[in-house]
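Colleague: I would like to learn how to read a model like this one. Could you take me through a few features, with the general idea before each case?

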Amino acid sequence: MQPRVISFASINVDEVYSIPHIVRPGETLTSTRRQQNAGGKGANASVAAARAGAPVHVVGKIGSDGLWVRDIIENAGANVSLVQVLDDTATGRAIIQVDVSGENAIFLFPGANHKLTETDAHRAFAQFARGDWLLLTNETTAVAEAIVQAHQIGIQVLWNPAPMHDDPLLTNRVVGLVDVLVVNESELLRLTQQISDDDCQDSFEVMARLVMKELGCRVVVATLGSSGCIGLVRRPTSNAHTIPIAGSSTDISIISGSGGDDTDDIDDIRVISMCCSPIRMDQVIDTTAAGDTWVGFFVAELARAQGESPESIGAHAALTPAMVGRAMTVATYASGITVTRMGAVPSIPMREEVEAFIRTKKHE
């Protein structure tokens with residue numbers, strides 16, 4: 001049976017403003033367009049995982065002003081029975097600026113997202129089992145407590161620590177309990193700075209290796225925007241090899257023992273590199289939900305692969321380079337579609353769209 005995905009989720013009302021450029025300090029701009037959408041990193045990733053075909057259960061809190069957001073998440077295919085409605089707190093909100101190139105700047109009002117507690121995690125996880133997946137970001141409270149509880153009962157953990165907090169004690173406490181860590185460039189840099197005294201001028205691969213070596217994750221993935229993504233998998237193999245997924249321009253390379261001077265200490269780490277989705281720059285409209293779409297499709301694809309290989313669930317280092325590489329491909333193509341559309345939840349594609357996109361590019 002395919003593992004379920006428990007999303008310990010932030011749920012927001014997104015207010016999106018189209019502007020010529022990101023507002024500078026002291027500057028006033030007139031927006032050319034305003035939209036109000038369902039959003040929140042947790043909600044976005046939940047919808048993405050559900051549209052990717054995973055059985056998703058959302059744990060979260062909203063105010064009565066967010067009931068329509070909950071309905072959208074449910075209509076996407078996620079179970080929202082664990083979403084609580086609070087009478088005295090407003091739903092979280094995000095104010096999002098989107099410029100003409102599709103880049104964005106965001107500030108958050110956490111609202112009900114900061115009412116999640118350790119008790120909420122305990123009650124929710126009692127309904128799930130060893131081998132299920134916990135998906136969470138840093139937009140809610142009780143993140144560390146949820147990770148610790150999930151680890152104790154054998155739930156696999158995928159953590160996207162965004163927005164990144166400058167709390168090395170928290171990081172060192174929980175990252176070693178995380179099965180899969182997904183970060184972008186800036187999050188990887190800040191995480192590396194928390195555990196290293198160096199000036200962090202190394203490559204992303206070297207920084208990811210340091211995080212894996214010092215903090216002990218099974219898988220570390222860094223999404224690098226237009227530079228694609230890299231994944232490090234703690235998995236013994238005898239040879240380097242390449243898994244062609246979608247044509248030569250997007251082949252996944254799995255490299256044995258590459259990068260850094262510590263390969264004799266970490267020779268069980270395999271490095272997977274992938275180009276970005278084949279989207280032209282003039283097709284990019286809004287990057288707001290790109291990372292959340294990536295994460296949601298990625299965890300859904302891992303769960304799908306484990307459903308086909310149940311012996312891999314919970315086994316040491318059982319997420320193979322092939323599993324991770326395939327999940328990276330699907331996630332990358334899904335996020336590529338997302339950036340060509342406006343909004344967060346409205347931009348997230350269905351799995352069928354992603355598979356068709358992969359097939360089309362494979363035969364070009």
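Modeller: Gladly. Let us begin with burial: a residue is buried under 20% relative accessible area, exposed over 50% and partly exposed in between, using a 1.4 Å probe and protein chains only. Phe357 is buried, with a relative accessible area of 13%. This is a predicted model, in which local features need pLDDT of at least 70 and side-chain atom pairs count only at pLDDT 80 or more, while totals for chains, interfaces and linings use all residues. Residues are numbered from 1 along each chain as its sequence is written, and side-chain values use heavy atoms, leaving out hydrogens and water.

Colleague: What is the average pLDDT of the protein?

Modeller: pLDDT is the predictor's confidence in each residue, from 0 to 100. The protein averages 87, and 86% of the residues score at least 70. Residues 236-251 stay under 50, and the model has 36 contacts (heavy atoms within 4.5 Å) for them beyond four places in sequence. The pLDDT is also below 50 over residues 255-266, a stretch with 22 contacts beyond near neighbours in sequence.

Colleague: How many aromatic pairs does the structure hold?

Modeller: A pair of aromatic rings is described by the distance of the centres and the angle of the planes. Rings of Phe, Tyr and Trp (its six-membered ring) pair if their centres lie within 6.5 Å; planes under 30 degrees apart are stacked, over 60 edge-to-face, and the rest tilted. The structure holds 2 such pairs. In one of them, the centres of Tyr333 and Phe357 are 5.1 Å apart and the planes stand at 65°, so the pair is edge-to-face. It links distant parts of the chain, with Tyr333 in helix α9 (residues 321-338) and Phe357 in helix α10 (residues 351-362), 24 residues apart. Helices (H or I, at least four residues) and strands (E, at least two) are DSSP runs, numbered from the N terminus. Tyr333 is buried, at 0% relative accessibility.

Colleague: What is the strand order in the open sheet of 4 strands?

Modeller: Strands of a sheet pair through backbone hydrogen bonds, either parallel or antiparallel. Here, two strands pair if DSSP finds at least two bridges between them. The order is β3-β2-β6-β7, with mixed pairing. β3 (33-39) and β7 (104-109) stand at the edges with a single partner strand each, so one side of each has no neighbour in the sheet. Strand β2 (residues 12-18) and strand β6 (residues 92-98) pair in the parallel sense over 7 bridges, and Asn12 stands opposite Gly92 in β6.

Colleague: Which residues does the cis peptide bond join?

Modeller: Ala162 and Pro163, with omega about 0°. Pro163 is found in the loop between β9 (156-160) and α5 (168-174).
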